[in-house]
Amino acid sequence: LLPLLSYGGLYPVPRHVLERLGSAWTEPENIVTNGPFELESWQRGVSIQLVRNPRYHGRFGGNVQRVDLSMSVLGDWPTTLQMYEADLLDIIGLAGSPEEADRARQRLAGDYFTQPGVVVHYMAFDVTRKPFNDLRVRLAFTHALDRDALADATSAGYRQPATGGFVPPGMAGHAADIALPHIPERGRQLLAEAGYPEGRGFPQVKLLAPAGFRAQAPYLRDQWRQELGVEIHFQVLPWPEFIGRVRNAPPHLSLMGWAPDYPDPDSFFRVAVQRHTAWRDERYFALVERARRSLGPAERIALYAQAELILVEQVPLLPLSYSRVHLLVKPWVRSSLRSATGAFFWKDVIIEPH
């Protein structure tokens, strides 16, 4: 329940203001909130100014009185970096190309901060039709994939290879080192057992990817061509078109990313799996449902660990990589900045004299 209450869709809203003003209730002069900061001003697409809320009753561990959020530089990495180096910004996320981010990280090594993220990037199989309704084919594709090489080649080390389970390292319930190993010869053997020796007779299949996976799609195609002798045709689409195609005419393979709506394994094991695959396994979903109803945290994690093993063995989803958080933070900013799901705890930030 407590992680669910951190989900934005369950935040309380002031009924009396909403019923009186409708959508205008979020304007700075109308908005009623109960958090540690109040909205002072908002220039859409440009900036947001927050000031400390004197009526906040929670614990305030930091000394920040005001937070200025700049949105006008989003997507403009050179300007963002220039503003940071001129001390006009205290915290920025590393962006730009991997080469540009690397140069900034090396030049400002003392300011660099990284931690595990909570996003898993994965591939979903359509298990309802050939060839991926055959577990041996799904296992063949899994054993033929080198996740370490994929992460190095497509993200320059800014994503972590998914050598664990479906839940990423930044979340409770992560199971390390349980992914099926990279054994190409085992993949070729399984593919032959499924009736496609050296890829002969393998049907034409299509992989769809959103624009954010532009680098991963051709790498996966080349890896499976080299190791299994199969041909995969891929298409990269803008997100709205991609999600429409996945919902209305699911491809054989689709590249996805999942960020939890709330910091609990349930968001992965129940919500994501049900939403992004037609795979059904009674043992798996019985364990997930028992975990959802359990009141004991240790018991829940143990039940999820059992369910995870079924997910690994049946491979309806193939985890590829985990996200990491990469920030530049001024040395005078001190505190734990981010929650498990990426929210910033401005109320606990301490700004030291500088």
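Predicted model: local features only at pLDDT ≥ 70, side-chain atom pairs only at ≥ 80, totals over all residues.
Residues are numbered from 1 along each chain as its sequence is written, and side-chain values use heavy atoms, with hydrogens and water left out.

**Around Asp 266**
- Asp 266 sits in helix H10, residues 266-276 (helices are DSSP runs of H or I, at least four residues, and strands are runs of E, at least two, numbered from the N terminus).
- Asp 266 counts as buried because its relative accessibility is 5% (buried means under 20% relative accessible area, with a 1.4 Å probe and protein chains only).
- Its side chain also has a polar contact of 2.8 Å with the side chain of Arg 270.
- Skipping residues up to four places away in sequence, Asp 266 touches Val 271, Arg 292, Arg 300 and Tyr 304 (contact means heavy atoms within 4.5 Å).

**Nonpolar cores**
- The largest nonpolar core has 64 residues, and Phe 141, Leu 207, Trp 224 and Tyr 284 have the most contacts inside it (a core is a set of buried Ala, Val, Leu, Ile, Met, Phe, Trp, Tyr and Cys residues joined through side-chain atoms within 4.5 Å).
- Strand S5 (residues 112-125) supplies the largest share of this core, six residues.
- A second, separate core of 12 residues includes Ile 48, Leu 50, Phe 60 and Trp 332.
- Beyond its neighbours within four places in sequence, Trp 224 has contacts including Met 123, Phe 141, Leu 207 and Leu 318.

**The three-stranded sheet**
- Here the order is S1-S2-S3, in an open sheet with antiparallel pairing (two strands pair if DSSP finds at least two bridges between them).
- S1 (37-43) and S3 (66-70) are the edge strands, each with a single partner, so one side of each has no neighbour in the sheet.
- S1 and S2 (residues 47-52) pair over six bridges in the antiparallel sense.
- Trp 42 stands opposite Ile 48 in S2.

**Helices H3 and H4**
- The axes of H3 (residues 77-85) and H4 (residues 98-107) come within 12 Å and cross at roughly 10 degrees (axes are lines fitted to C-alpha atoms, for helices over the stretch in contact, with angles from 0 to 180 degrees between N-to-C directions).
- H3 and H4 are therefore roughly parallel (angles under 35 degrees).
- Trp 77, Leu 81 and Glu 85 in H3 meet Glu 100, Ala 104 and Arg 107 in H4.

Methods: Buried < 20%, exposed > 50% of the residue type's maximum accessible area, 1.4 Å probe, protein only. Polar contact = N/O pair within 3.5 Å; in protein donor to acceptor, adjacent residues only side chain to side chain. Parallel < 35°, antiparallel > 145°, perpendicular 65-115°, else oblique.
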